[in-house]
Amino acid sequence: MPNLQDELRSYIVENYLFGQDDGFRNGDSFWELGLMDSTGVLELISYVEEKYAISLESSEIIPANLDSIEKLARFVSRKIEDSSAGPEIAPAMDTPGASQ
Amino acid sequence: MNPVATSPLNTLRIDPARETERIATRIAEIVFGQFKRKGAVIGVSGGIDSSVVAFLCARALGKERVLVLFTPESDSSPDSLRLGRMVADSLGAASALEDISGILRAAGCYERRDIAIRLVVPEYGEGYKSKIVLPNLTDAREYAIFSVVVQSPNGQIKKVRLTAKAYLGILAATNFKQRTRKMMEYHHADQLQYAVAGTPNRLEYDLGFFVKNGDGAADFKPIAHLYKSQVYQLAEFLGVPDEIRRRIPTTDTYSLEQSQEEFYFSLPLEKMDFCLYGKNNGLSAADMAERAGLTKEQVEHVYKMIESTRRATLYLRSNPILINTTGEVG
C-alpha cells in the first residue's frame, strides 16, 4: 500500500503544481507558496473526503490540518483511525466537533 | 507625515472637485479622442459605483450622450431598478430597460444553479431562495471557505459548506447574469456608436471581484483607481442621491440578499479598503493594526490574503495573450 504522504504528494503535485514538483517539500506551506486559493482548498477537501471515506467538520478545515503535505497526512491518518475506531473515540488533537 | 497618523478616512481623503475634473477630462479624451465614440452606455444597478460612473460620464460627455441601462432579472431586488431610475432622473439622461430573465432562463442559468445547489442541499427546489457566503474572516487560523445559505418556502434557513463542484457550478451558472448584462450594454453601444463604461472600484479591480467578460468587460473604467471610500467622497460631491449613498453594497446576484462582504471580502469593506491602501503603500502590519481596528496578526493575514487573491485572480485581469505580438497593431 502506498505511503499516505506519497499518495497525497502525488495528488498535490498533479493538481496544483501541474506535475512540476521542483524543490517542493512535504513541510512547505500551500498558503505561503500560493499553491491554492479557497476553491483549491474546497477541491482538496472533496478529494480527501472521497478518497479516504472521511468527513471533515467545518472546525477541522484549518491550516493547522491542511496546509502542508505533512500536516494533511497527519490529519487524514488521524481521521481514518477515528472513523474506524467509532464515534466514542475522542479526536487526538484540539479539533472541537470532530466527533458527532 | 506618517500616513497612518491620521484616521482611515483622512488617509484616503481626496479633493473630490479636482478628482472629478481630472476623471471627466480623461473620459472625454478616451471616448471622443481615442475611440471616436459618440457617448457612453452605463449599466446602472442602483449601487454607489455605477451611479458615480454615470454621473462622471454625464459631466464628461454631456447628459445627452449618456445611456443609463437597467438589466434586472428574476433574482434582482426591486430597489435596484428603483434606485437606477433615480440616477437617470437626477441626471436627466436617457435610459433603457432590458429584463434579462428570459435570456437567463433560455441559457439555463437558474436551472444549472439549482442543480449545483442540490449537490449539497438535495431538497432545494421551487420556492427556495439562496446565496453563497464567506465567513467573516480576519483569523489566520481559518480558511475563507464558501457556504450556501438556503431559505425554504416556509422560511427555514440552512447553511451548508460547499463542495468544489457545487461552488464552481453555482458560480459558472450565476456568471451568466453579468455576461448577459454586458452583452446588452454592448448591444446598445453598437446601436448608438457609444463606448461601454466599466464600474469597478479599486478594491474590486485589484482583488478580481468581477466576472471576466461580464462586469469586468468595458472600454474604460473611470473609477478603478479609487478606493471604495474615495468613491463615496466623489458621490457626495457629484450629488448622487442620498439613498444610493446609504445603501449597503450588494452583489444583487442571488435570490437572498447578499452583501459584498459576505460574498467576497469576508471583512468589513472599510477595513478592507484601508488594509489595501496600507499594503499598496508599504505600511507595516504593526502600523496599520491600530488604525484599522485589527490586531497585527489580523493585518498580516489580510496582507497575505491580498497577495494570494491577486495571484488567484491574475487570469481574470489578463487580456488575451498573443504568442507573438503583431507589429502593426500590438
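How many bridges join strand β5 of chain B to β6(B), and in which sense do the two strands run? The count is 5 bridges, and the strands run antiparallel. Good morning, colleagues. Please bear in mind throughout that this is a predicted model.

Let me stay with these strands for a moment. Strand β5 of chain B covers residues 147–151. Within this pairing, V148(B) is found opposite V160(B), a residue of β6(B). The two strands belong to an open sheet of 3 strands in chain B, whose order is β4-β5-β6, with antiparallel pairing. At the edges are β4, residues 129–133, and β6, residues 157–161, each of which pairs on one side only. From one strand to the next, the twist averages 20 degrees.

I now turn to a second pairing in chain B. Strand β2, residues 66–70, and strand β3, residues 94–97, both of chain B, are paired in the parallel sense by 4 bridges.

Next, the domains. Chain B is divided into two parts: domain 1 comprises 10–106 + 168–317, while domain 2 comprises 109–167. Taken over C-alpha atoms, the centres of these domains of chain B are separated by 25 Å. Where they meet, 23 residues of domain 1 of chain B are in contact with 26 residues of domain 2 of chain B.

Which elements supply the domain 1 side of this contact with two or more residues? They are α5 (101–107), α7 (164–192), α11 (260–265) and α14 (296–312) of chain B. The largest share comes from α7(B), with 8 residues. Sorted by class, this side of domain 1 has 12 nonpolar, 7 polar and 4 charged residues.

Finally, I come to the contact between the chains. Here 14 residues of chain A are in contact with 16 residues of chain B. On the chain A side, the elements giving two or more residues are α3 (38–51) and α4 (63–66) of chain A. Of the elements on this side, α3(A) gives the most, namely 6 residues. The side of chain A that touches chain B consists of 7 nonpolar, 5 polar and 2 charged residues.

That concludes my presentation. Thank you for your attention.

Terms used: Residues are numbered from 1 along each chain as its sequence is written. Chains are lettered from A and ligands numbered from 1 in the order in which they are written. This is a predicted model: local features need pLDDT of at least 70, side-chain atom pairs count only at pLDDT 80 or more; totals for chains, interfaces and linings use all residues. Two residues are in contact if their C-beta atoms, placed from the backbone, lie within 7 Å. Ala, Val, Leu, Ile, Met, Phe, Trp, Tyr, Cys and Pro count as nonpolar, Asp, Glu, Lys and Arg as charged, and the others, Gly among them, as polar. Two strands pair if DSSP finds at least two bridges between them. Axes are lines fitted to C-alpha atoms, for helices over the stretch in contact, and angles run from 0 to 180 degrees between N-to-C directions. Domain bounds come from an automatic or database domain assignment.
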